[in-house]
Amino acid sequence: MNYDIGKIVMFDDYCGRIVSEKEEYLFLKEDISTQKELMVGDLVAFRGETICNQNRAYFIKALEEVMEKPKQKMIENR
């Protein structure tokens, strides 16, 4: 799933705003899909849509949850 990346700039525990490189998005608390408590200043990944000329963010997750972890090479003992 492709995500946009942004920063939470306002959140009152009910609704908030995320700013990305391209746009500003509104979201509701029920759009958050993470167990981590998100706060103003957190970087997040989300799916953005434009509905009736209003940008909305959905499936919001903490950025560290969606970043690929580097693969570690297995070293064989010889």
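Helices (H or I, at least four residues) and strands (E, at least two) are DSSP runs, numbered from the N terminus. Along the sequence, the order is β-β-β-β-β-α.

The model is predicted: local features need pLDDT of at least 70, side-chain atom pairs count only at pLDDT 80 or more, and totals for chains, interfaces and linings use all residues. Residues are numbered from 1 along each chain as its sequence is written, and side-chain values use heavy atoms, with hydrogens and water left out.

**The whole chain**

Start with burial. A residue is buried under 20% relative accessible area, exposed over 50%, and partly exposed in between (1.4 Å probe, protein chains only). Of the 78 residues, 29% are buried. The protein exposes about 6400 Å². Carbon and sulfur atoms supply 49% of that area. These areas come from the Shrake-Rupley method with a 1.4 Å probe; for residues, only the protein chains shown count as cover.

Next, contacts. A contact means heavy atoms within 4.5 Å. Take the contacts with a separation of 6 or more: residues 24 or more positions apart account for 51% of them.

| Residue | Relative accessible area | Class |
|---|---|---|
| Asn55 | 14% | buried |
| Cys15 | 25% | partly exposed |
| Cys52 | 76% | exposed |

How many disulfides does the structure hold? It holds zero. A disulfide would need a pair of cysteine sulfur atoms within 2.5 Å.

**Asn55, in a strand**

Asn55 sits in strand E5, which covers residues 54–62. Asn55 counts as buried because its relative accessible area is 14%. Which side chains does the side chain of Asn55 meet in polar contacts? One is that of Glu23, at 3.1 Å. Another is that of Thr50, at 2.8 Å. A polar contact is a pair of N or O atoms within 3.5 Å; within protein, one must be able to donate a hydrogen and the other to accept it, and residues adjacent in sequence count only if both atoms are side-chain atoms. Not counting residues up to four places away in sequence, Asn55 touches Glu23, Glu24, Tyr25, Leu26, Glu49 and Thr50.

**Ile32, in a loop**

Ile32 lies in the loop between strand E3 (24–28) and strand E4 (43–51). Leaving aside neighbours within four places in sequence, Ile32 contacts Phe11, Phe27, Leu38 and Ile60. Ile32 and Val44 are twelve residues apart along the chain, and 9.9 Å separates their C-alpha atoms.
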